Every structure is written in structure tokens, then in C-alpha cells.
Amino acid sequence: MNEIREDFPVLNRKIDGKKIIYFDNAATSLKPIQVIKAITEYYEFGTANIHRGLHKLSEEASIKFEKAHNKTAEFFNAKKEEFVLTKNTTEAINTVMYSLYTSDFFEKGDKILVSKAEHHANLVPWQMLEQKGLIELNFVELNEDFTLDLEDLENKLDSKTKLIALAHATNTTASINPIQKIGKIAEDNESLFLVDGAQTAPHMEIDFHKLNADFFAFAGHKMLGPSGTGGLLAKKELLEKFNPFLYGGSMIHSVELHKSSWNKLPWKFEAGTPNISGMIGLGKAVEYLSKIGMNKIRKHEKELTKYALDKMHEINGIKFYCPENEEKQVGTILFEIEGIEAHDLAITLDEFANIAVRSGMHCAEPLVSTLNDKGLDRASFYLYNSKEEIDVFIEALKTISKSFK
Ligand SMILES: Cc1ncc(COP(=O)(O)O)c(C=O)c1O
């Protein structure tokens with residue numbers, strides 16, 4: 001643990017003599033020095049565009065970019081043609097939406113099924129299709145323990161449901177959905193299945209081919225990679241079949257005045273100059289995660305979650321909005337303390353103890369606004385967090401909760 005923490009310079013930073021406790025990992029992760037160095041090395045010694053120049057710098061950059069690209073695909077056990085670099089999860093989901101839309105995949109009256117707990121990134125793109133009068137959006141309910149109601153999912157499926165789009169784990173309730181099982185249900189119903197993996201890719205082993213999903217969107221920046229990185233994993237035959245999302249340079253094979261043909265995969269879906277330093281940094285991030293092992297990371301986070309939940313129960317007036325079971329959820333705890341507004345608590349934790357948590361609607365307003373119209377607080381853990389940090393957090397919560405009474 002100490003060795004891992006040494007790799008994250010922010011964890012050594014002090015403000016007002018106190019270290020920072022970073023519990024906002026569901027928003028974005030800290031970056032290890034290995035990732036930071038890989039990015040600065042590209043800018044310091046190797047800046048060049050890729051896939052075009054014949055000079056040494058360009059060739060070097062192209063090789064580094066492609067190596068990192070392949071390594072990232074491998075990390076998810078996907079084929080190299082099945083990984084498309086995007087700038088975040090949102091762009092990955094929008095890529096699917098636009099590709100399906102411009103390929104006339106949907107017919108008027110078709111349905112898309114999402115849950116009531118989706119991040120805006122996996123809701124608003126589909127709303128656009130509904131507002132065009134093309135599809136009808138349907139919503140799967142949650143059970144009392146904030147897990148997905150699978151019976152409701154099956155009841156809401158019919159032959160018009162062309163797409164099921166669900167978070168693998170939500171960024172609010174943290175509940176892990178049984179993706180393989182839902183993938184089988186989707187396949188039997190002949191629906192496409194998109195998984196929003198923003199909250200699982202950083203925290204557990206993902207084998208794209210075992211998921212039974214057609215699309216898997218994730219955020220590189222939440223898994224130790226640089227800001228401005230994310231990705232889409234998609235079955236090769238679907239990327240071959242559907243239209244690209246963005247059009248222009250790099251994604252073409254040949255261009256005439258009135259028509260063009262597309263580059264081979266995955267470049268068909270990566271138009272223009274990509275985030276070269278970002279891809280190189282993400283390659284380093286997956287190398288770092290693989291070295292530690294995703295199963296070890298999951299085990300560590302389960303321990304932290306159980307530890308934190310047990311201790312947080314000691315606080316008067318605390319209420320949880322998650323399964324409260326480390327087997328059923330990722331290391332994210334959505335909560336409130338009676339009598340303290342979410343933002344007040346988050347600001348006080350920061351001012352009083354340098355503890356970074358998130359407060360508010362968590363980009364999941366349809367759900368969170370029904371739980372508390374002033375928002376909720378969220379503490380989310382990652383591989384570098386420790387039980388000692390949780391102890392400081394609990395003490396701070398106890399003190400703040402007393403002072404607000
Ligand atoms: C479940 C989920 N989906 C999508 C997103 C959007 O991710 P990004 O900011 O990478 O676009 C997030 C971000 O918090 C998320 O938690």
C-alpha cells in the first residue's frame with residue numbers, strides 16, 4: 001500500500017499542514033507518476049503527429065500510440081480492432097447513438113430500455129432520439145436495496161426493444177448489475193446491449209468477450225489515465241456494419257469529390273488527430289493496473305467498503321442509498337446525514353480535514369432528486385485509499401455532525 005501511495009504525488013501534497021484524502025474517485029482518479037512521466041516524455045522528446053509523417057519523430061509517435069492502443073484493447077481482452085479511443089465515456093456512448101442513428105438502425109416506434117439510475121451520459125443521448133419521434137424510452141425500476149429489478153427488466157422487454165443500455169455499476173447507488181445475465185436476455189430478445197462501464201472498468205477485471213455485451217463504454221481518466229481519455233469497446237462486426245461517428249481525416253481509405261470509403265478498424269472510428277499523449281498515458285495506466293492485478297484491486301476496495309460502511313453506521317442520523325453490501329456494489333457510498341445539506345457537509349469536510357467527496361445530483365438527477373431534492377454526498381474509494389484515511393473521515397463526520405446539531 002505504501003509503495004502504491006508513493007506513486008501518486010497528490011497524496012503527498014499538504015494543505016494547511018494536512019494531507020489530502022481523496023474520496024472522489026468516481027468522478028476521476030489520481031494519476032501515478034508513471035503515467036505523468038509517459039505524457040511529459042512524449043511532449044518533451046517526441047511530439048509529432050501520427051500515421052502521416054515519414055520522419056523519425058512521427059514514426060516513433062505512431063509506434064508508441066499503437067502500442068498503447070493495443071495494450072488497452074488487451075487489458076479488456078478485446079481485439080485490437082474492437083477498441084476505439086474517445087475523449088470520455090460520454091463520447092463513447094454518443095458514438096454508438098450517432099452511428100446507430102445515421103445507419104438507420106431504429107425504425108419509428110422502436111424502444112430503448114435504460115434504468116432509472118443511469119448517469120446523464122447514458123440517458124440524454126437516447127432522449128435525443130426520443131425527441132426526434134424515433135424511439136420510445138422505457139425505464140427499469142430499482143429494488144428497495146437499490147439493485148436493478150430484473151423482473152421489471154424482463155417485463156418491459158418486447159420485440160420493439162432494439163437496445164438495452166445500462167450501467168455496469170452506477171455512479172450513485174454503486175450497485176453492480178448482472179451484466180452477463182442481462183446480455184443473454186438481450187441476445188434472446190435480439191436487442192443490442194450497451195454497457196456503461198465507467199464505474200467498473202477501473203475497479204474489476206473486465207473481459208469484453210465474456211460480458212455478452214455489444215458495446216462497453218469506459219473512462220480512461222477514472223482508471224489512472226489522463227483527462228480527455230475514454231474508450232468504446234464494440235464487437236468487430238458491428239463497427240464494420242455501422243457508419244462512423246465523426247468524418248474527415250484519418251478515418252478514410254480513399255476520398256473522391258462526392259464520395260469516400262472508410263479506413264480499416266478501429267481507425268474508421270477515430271477521425272482527425274487523436275489524443276496522442278492521452279493514449280500513451282492510458283497505455284501506461286493499464287500497464288500499472290495490470291501489474292497490481294484487477295482482482296487484488298477489487299479485493300482491496302471491497303475491504304475498504306465494508307470497513308467504511310460498518311464505521312459510518314456509528315454516525316447518528318446517517319442514511320445510505322446503496323446496497324450496503326460490498327459484494328453487490330463497487331467502492332462508492334452514497335449517503336446523507338439528517339439535518340445537514342449535502343453541499344454543506346462536503347464543503348466542511350474539505351475545509352476542516354482536506355477530505356474530497358462529491359455532493360449534489362451526481363449527474364443522475366432523475367434518481368437523486370427523488371431521494372433528496374438538495375442532493376446527496378458520495379465517498380468513493382480506489383486502490384490507493386486506506387483504512388487510516390477512512391478513520392479520519394469517520395472522525396470528521398462525527399465532529400461535523402455534532403457541530404451541526
Ligand atoms: C456511470 C457513469 N457513466 C458515465 C459517466 C460519464 O463519464 P465521462 O465523464 O468519462 O464522460 C460517468 C462519470 O461519472 C459515470 O459515472
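Me: Which residue just after α11 takes a positive phi?
Reply: Asn-354 does, with a phi of about 55°. This is a predicted model, in which local features need pLDDT of at least 70, side-chain atom pairs count only at pLDDT 80 or more, and totals for chains, interfaces and linings use all residues. Residues are numbered from 1 along each chain as its sequence is written.

Me: What makes α11 a helix, and how does its span compare with what it should be?
Reply: Helices are DSSP runs of H or I with at least four residues, strands are runs of E with at least two, and both are numbered from the N terminus. Helix α11 covers residues 342-353, which is 12 residues. The expected span is 1.5 Å times one less than the number of residues. That gives 16 Å for α11, and its end C-alpha atoms are 16 Å apart, so the two agree.

Me: Why are residues of α11 called buried, and which are they?
Reply: A residue is buried if 20 or more other C-beta atoms, placed from the backbone, lie within 10 Å of its own, exposed if 12 or fewer, and partly exposed in between. Ala-342, Leu-345, Ala-346 and Leu-349 are buried.

Me: How is the packing of α11 and α13 described?
Reply: Two packed helices are described by the angle between their axes and the distance between the axes. Axes are lines fitted to C-alpha atoms, for helices over the stretch in contact, and angles run from 0 to 180 degrees between N-to-C directions. For α11 and α13 the angle is about 115° and the axes are 10 Å apart. Contact requires C-beta atoms, placed from the backbone, within 7 Å. Leu-345, Thr-348, Leu-349, Phe-352 and Ala-353 of α11 make it with Val-392, Ala-396 and Ile-400 of α13.

Me: Why do β4 and β6 stand at the edges?
Reply: The open sheet has 7 strands in the order β4-β10-β9-β8-β7-β5-β6, with mixed pairing. Two strands pair if DSSP finds at least two bridges between them. β4 (83-86) and β6 (135-140) each have a single partner strand, so one side of each is left without a neighbour in the sheet.

Me: How do you know that β5 and β6 pair?
Reply: 6 bridges join β5 (residues 110-115) to β6, and the two strands run parallel.

Definitions and conventions: Two residues are in contact if their C-beta atoms, placed from the backbone, lie within 7 Å.
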